[in-house]
Amino acid sequence: MLAGEGLVDVAAGPGVHVLSGREGKGAAIRAALEKVTGSVTVLQEPDEAYTPEAYDTLCQPIREDAADAVFGRRTVPGLRPELLADRALGGFTRFVTDVALEDPLTGLRAFRTEALRSVTLTSEDDAVDAELVVKLAAQLFRLTEVPLPLQAVPRHTLASDLSRLRTLMRYATVRDDADNQHEGYSTLERMDGATNYSAWLGNRFREHLGRRVLEIGAGIGTITRQLEPGLELLIALEVERFYVDRLKNMFRGKPHVRPYLSDVALADWESLKAERLDTIVLSNVLEHIPDDGAAVRRFRQILPVGGKVVVLVPALPQLFGAIDKAVGHYRRYTLETLRKVLEENGFTVDTLEWMNLVGIPGWFLNSRVLRRRAVPKFQLKLYDRLAPLLAQAERHVKLPVGMSLFAVARVTGETR
């Protein structure tokens, strides 16, 4: 596939579709993808600097299943002023996306077609080059590069460079890789960066895990990553395909982790029962389920006697506010309401504890007073610095209250 400005002397024929690129590179790529039938797609700028002779080398890592996207790293002798803007933009791209590519905005790239189709491209013009790297990196696709000797120095216009720069700036500041279409995703992405807090939760959960675990509502895998070491089986159930695709990339090469696309109400519970699960984990998920009692009854039906459900939920209805609404919470729990939903639906509660006392003032201020729809990044980073100290303190002190509740409940009798 060739996309960009300039005339390309290619005639239409069997298996060859010629599409006008006058709408811009991004629009041309989206139109051409509808025609692609092969498992590998090559994107080449219509520039004499790039040659089809490099295609075999470019596609080899994809054929060997070592990469999902391969970028041709442009190599030219000496310092060429014409490439300085590309080098600078490439450095900024690495800063925004954390990719290790030396030349992420090259004009010759190969993709596993399925991976390329899985990202939603919105840019109309050359900004699509930056958008592609941002979205592939965020979805944890395997990106690599191979040396690409150039036939000439590539041509780039100032308008093209500025368009890519503006796009990178937007993704670095005000737009996430889902184009701000999903408020819940923005929150999950921020929480994924709170590594100390995630480790704190992971430690609490791991103390109560068996060997064969079902995680309900895995999201983008923040807690899944904490749970999986040492397990025999981890089924990560998630209702959003966008998240499931990311989970598949995150746990590629780990067959004991199985992402499972389904709503809780529509899951194949008989098949799940056959997996001989011994633990079900819900980390800030039960509050998203309209009928939490029915869900808990489902969990009871597939667990053996002695099986556990380990739950973290938001607490204190008085804190329910704008952030809860933005992420889709139906409720916040009290000690009584969480115990009731577990015990009335087939479980015996062994542990029921408050967590995270220190988080209450910040949540109340942001969600109830200021009515923000997400926790500000700076506040979250500051809180994450404190998380190890909070974890240590809460191990030795029984909290009188907290913004979360942690529960472990056990199956003690036959299924009702």
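Colleague: What should I know about the ground rules?

Modeller: Residues are numbered from 1 along each chain as its sequence is written. In this predicted model local features need pLDDT of at least 70, side-chain atom pairs count only at pLDDT 80 or more, and totals for chains, interfaces and linings use all residues, while side-chain values use heavy atoms, leaving out hydrogens and water.

Colleague: How do I read a helix pair, and at what angle do H3 and H6 pack?

Modeller: Two packed helices are described by the angle between their axes and the distance between the axes. Axes are lines fitted to C-alpha atoms, for helices over the stretch in contact, and angles run from 0 to 180 degrees between N-to-C directions. Helices are DSSP runs (H or I, at least four residues), numbered from the N terminus. Here H3 (residues 84-97) and H6 (residues 158-173) pack at about 15°, axes 10 Å apart. That makes H3 roughly parallel to H6 (angles under 35 degrees count as such).

Colleague: Which residues of H3 and H6 meet?

Modeller: Contact means heavy atoms within 4.5 Å. From H3 come Ala-85, Asp-86, Leu-89, Phe-92, Thr-93 and Val-96; they meet Asp-161, Arg-164, Leu-165, Leu-168, Met-169, Tyr-171 and Ala-172 in H6. The classes are 9 nonpolar, 1 polar and 3 charged. Ala, Val, Leu, Ile, Met, Phe, Trp, Tyr, Cys and Pro count as nonpolar, Asp, Glu, Lys and Arg as charged, and the others, Gly among them, as polar.

Colleague: How far apart are the axes of H5 and H6?

Modeller: The axes of H5 (residues 128-138) and H6 lie 8 Å apart, at an angle of about 30°. H5 is therefore roughly parallel to H6. Asp-129, Ala-130, Glu-131, Val-134 and Lys-135 of H5 meet Arg-164, Thr-167, Leu-168 and Tyr-171 of H6. This contact has 4 nonpolar, 1 polar and 4 charged residues.

Colleague: At what angle do H8 and H16 cross?

Modeller: At roughly 25°; the axes of H8 (residues 195-206) and H16 (residues 377-396) come within 7 Å. Therefore H8 and H16 are roughly parallel to each other. The contact splits into 7 nonpolar, 2 polar and 3 charged residues.

Colleague: What lines the largest cavity?

Modeller: A cavity is a set of points, on a 1 Å grid over the protein atoms alone, where a 1.4 Å probe fits but cannot get out; lining residues have an atom within 4 Å of a point. The largest cavity is lined by Thr-187, Arg-190, Met-191, Ala-374, Val-375 and Leu-380. Helix H7 (residues 183-192) gives the largest share of that lining, 3 residues.

Terms used. Helices (H or I, at least four residues) and strands (E, at least two) are DSSP runs, numbered from the N terminus. Angles under 35 degrees count as roughly parallel, over 145 as roughly antiparallel, 65 to 115 as roughly perpendicular and the rest as oblique. On a 1 Å grid over the protein atoms alone, a cavity is a set of points where a 1.4 Å probe fits but cannot get out, and a pocket is an open set with protein on both sides within 12 Å along at least five of seven lines; lining residues have an atom within 4 Å of a point.
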